[in-house]
Amino acid sequence: MSIFEEVFDRKQTRSVKWDMVQEVFQSNDVLPMWVADMDFKAPEEVNQALIERAKHGIYGYTAIDSDVSSAVVNWLHRRHDWSIDPSWLSYSPGVVNSLHMAVQAFTEPGDNILIQTPVYTPFYNLIKELDREIVKNPLVYENQYYTIDFHDLEKKLADGVKAFILCSPHNPVGRVWKKEELQKMAELCLQYDVMIFSDEIHADLVFPGQKHIPIATLSEEVADNTITCMAPSKTFNLAGLDASYVITSNKENRQKLDKAFHRQGFHNMLNTMGNTAMEAAYRHGDSWLDELVQVLEQHAHYVRKMFEAHAPDLKVTHAEGTYLLWVDCSSLGLNKQELKKFMVEQARVGLNAGQDYGIEGDTFMRINIACPRATLEEGIKRIISAVQSM
């Protein structure tokens, strides 16, 4: 049996996804398919590396040495055709932490920061928490597919935006941006002197036939204007180990960013186990990831076909990557509160409510399909049964 078919009991492991369903959904009678982690074991090489490290029994301050950095460098070259210098790397507990630091390093309170909505909830939160202003460039939704409104984007950038937080691949709509789209966004940012903070945490999770292109690879000029945030956490299900990194080719910008980290007490270190897991995953995780991507594409196809056949009012947005499906529920005729309540009380599934990604998501729900097929089938059948009973 493939590791991606095994069903593991994650309850009583302090799992946010499984052990907080009562707190989040006010019910224990839901199947959790929400927060973005996977119900799959990490690659065995990662688990064995962690076991061997634990056998040592001493967990003092841990350096990020050249072995770890070279694993990152080689992964980026191997998987994304990106040749970076190890000196460009800074390390942090997570991508959201890094985005906080980038906003503090390169913008001031009151500055305008642009996001493309509907988008990952922490983007809204960090902008507000840091006393900056949100500027929206809503994505264009048509025929279950999202594109960029470049006319609106240029208008907003020209009107005093200081920075742009790019989500690439995009969470929750599942777009893997094409080179021409990235090029146009990058050129507009250069034209209007807008820095790019690029969240590329889902970079490795793209379906066959798609290609993730780090925006900083487009040109040296674009790279100098970009702060790229990446991590193995989504790729290998390592979110609980708090290990991520930032790639900044421009030395002056890198020094400013590192200074912002230092002001908050971060000193370019990772915890012992995060350090160990990241190196092992990037050295040995290729075949595991290749199989995972095939499984995720099959799961996305299954959900789409099941809804088309049995619940045509639910329309799955065409996803090109990530393990998060964005489902248009507008044909059910429910408002955002009713939709959220319906999924919990009638379908008995715990999903992410689309309203959390901005008003553009009010009639959508986000489904996490990174689970064994048996779990996925149970969740989808619950949703279909509830819709048919309306």
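A search of the whole structure finds 0 disulfides, a disulfide being a pair of cysteine sulfur atoms within 2.5 Å. This is a predicted model, in which local features need pLDDT of at least 70 and side-chain atom pairs count only at pLDDT 80 or more, while totals for chains, interfaces and linings use all residues. Residues are numbered from 1 along each chain as its sequence is written, and side-chain values use heavy atoms, with hydrogens and water left out.

- Cys189 is in no disulfide, and the nearest cysteine sulfur, that of Cys167, is 15 Å away.
- Cys189 is buried, with a relative accessible area of 0%; buried means under 20%, exposed over 50% and partly exposed in between (1.4 Å probe, protein chains only).
- The sulfur of Cys329 lies 17 Å from the closest cysteine sulfur, in Cys371, which is too far for a bond.
- Cys329 is buried as well, at a relative accessible area of 1%.

**The sheet of 7 strands**
- An open sheet with mixed pairing has the strand order β2-β10-β9-β8-β7-β3-β4; strands (E, at least two residues) and helices (H or I, at least four) are DSSP runs, numbered from the N terminus.
- Its edge strands are β2 (89-92) and β4 (133-136), each of which pairs on one side only; two strands pair if DSSP finds at least two bridges between them.
- Strands β8 (residues 195-199) and β9 (residues 226-230) pair in the parallel sense over 4 bridges, and Asp199 has Cys229 in β9 as its bridge partner.

**The sheet of 4 strands**
- The order β11-β12-β15-β14 forms an open sheet with antiparallel pairing.
- Its edge strands are β11 (315-316) and β14 (352-353).
- Lys315 has Asp328 in β12 as its bridge partner.
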